[in-house]
Amino acid sequence: MSNLWDGLLIDARIATLADTAGYGLIERGALGWQDGRIVFVGPMDELPGAPGALSRHIDSVDGALVTPGLIDCHTHLVFAGDRAREFEMRLQGASYEAIAKAGGGIVSSVHAVRAASEDELLAQSLPRARALLRDGVTTVEIKSGYGLDADNEAKMLRVARRIGIELGIGVRTTFLGAHALPPEYAGRADDYVNLVCNRMLPAIADAGLADAVDAFCEGIGFSLEQTRRVFEAARRHGLPVKLHAEQLSRLGGASLAASFAALSADHLEWIDDDDARAMGAAGTVAVLLPGAFVCLRETRLPPITSLRAHGVPMAVATDCNPGTSPLLSLRLAMALACTQFRLTPEEALRGATAHAAKALGLSDRGHLAVGLRADVVAWDLREPAELAYWLGGPEARRVIVGGIG
């Protein structure tokens, strides 16, 4: 009995994404797992025995689509309160910059996070994580960045880790201390960057709370040189970097990220061909965030053609946050990436699986192959393109995370 698999899906239409192009479809397929890892994926007629002799639990999905678990590789999911009033302000004509300069934006979320206890922050954040899980997300990246001091940034990252434990999902944490200037450092950006580099980041690294380091390189955020200092501090502590780059203007952040072999550069509406070339050469993933694009009513599109031409992997994420992308469906982000940015449905699915895994530095998930983590989703759909075709609709039929579910 000890050699029996823990689970086996049969009668499935499996999109493995195992190759670099195409869905890797297996008709009338089977997928088995044991101890959290995939032990078989292929046609049913290639199973090494009768299903009942192979596995403790067998689930016939009657021709339903099976895919890798979705990966949301850019979120600000841990926060307190909301910013619905700012949503109204934007619709009445206020710009992103004007809201931020008036004391709204990120700083308003900072006040709410600082006022919340760790348990309160967890209680407010868990429903958002559960929504993503129901939508087929098995791994989520969660950034800090609304604490902006040592204690509250650490609090956010601890909450992110607790979400993973509570829900049994994969969570990757990113330290985003250089997200905005806290009120007490108004007009003293260099002093705050010193704090991030010399005190906050070392403490976070020593506590093992972060898997990566991010920054907001933008006119209303941090300069190219300040971002470089954050990256150099991350390198000293052995942490990979990511970057919010070229969302509202071009400061050269994407090329800076590439020069540090960053895992990803995210947003990217204002990159040029040289930036795309540098990212392609460095293997830096372009994370596309159509939720923010739509919510901010932006009109400048990321240069998808240039990213394709230079072989830049393109991931898709929700950017779930209280101000500019209150989006709780990665499938809707995939649909928006197709309709707004003109990705193909295959690119969108790969962007929410294989390329999203690469954007988090993960090699054990993102496609379906023997030996990989058993993160698998069964959908009441037939065609992979339907994941980006339907705007909403039924949630995932079955979500399996690390062989459980």
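Mentor: Leaving aside neighbours within four places in sequence, L307 is in contact with I271, A276, A286, L288, V312 and M314, where contact means heavy atoms within 4.5 Å. The model is a predicted one, in which local features need pLDDT of at least 70 and side-chain atom pairs count only at pLDDT 80 or more, while totals for chains, interfaces and linings use all residues. Residues are numbered from 1 along each chain as its sequence is written, and side-chain values use heavy atoms, with hydrogens and water left out.

L307 belongs, with I163 and F175, to the residues with the most contacts inside the largest nonpolar core, which has 97 residues. Such a core is a set of buried Ala, Val, Leu, Ile, Met, Phe, Trp, Tyr and Cys residues joined through side-chain atoms within 4.5 Å; buried means under 20% relative accessible area, exposed over 50%, and partly exposed in between, with a 1.4 Å probe and protein chains only. Helix α7 (residues 189-206) gives the most to this core, namely eight residues. Helices (H or I, at least four residues) and strands (E, at least two) are DSSP runs, numbered from the N terminus. Another core, of 16 residues, lies apart from it and includes A12, V61, V66 and I400.

Helix α7 also packs against helix α8 (residues 224-236), at an angle of about 10° and with the axes 10 Å apart. The axes are lines fitted to C-alpha atoms, for helices over the stretch in contact, and angles run from 0 to 180 degrees between N-to-C directions. α7 is therefore roughly parallel to α8, a term for angles under 35 degrees, as against over 145 for roughly antiparallel, 65 to 115 for roughly perpendicular and oblique for the rest. On the α7 side the contact is made by A189, D190, V193, N194, V196, C197 and L201, and on the α8 side by Q226, R229, V230, A233, A234 and R236.

A180 is located in the loop between β8 (170-178) and α7. This residue is buried, with a relative accessible area of 8%. Residues up to four places away in sequence not being counted, A180 touches I106, L148, Y192 and F222. Between A180 and R162 there are 25 Å in space, C-alpha to C-alpha, at 18 residues apart in sequence.
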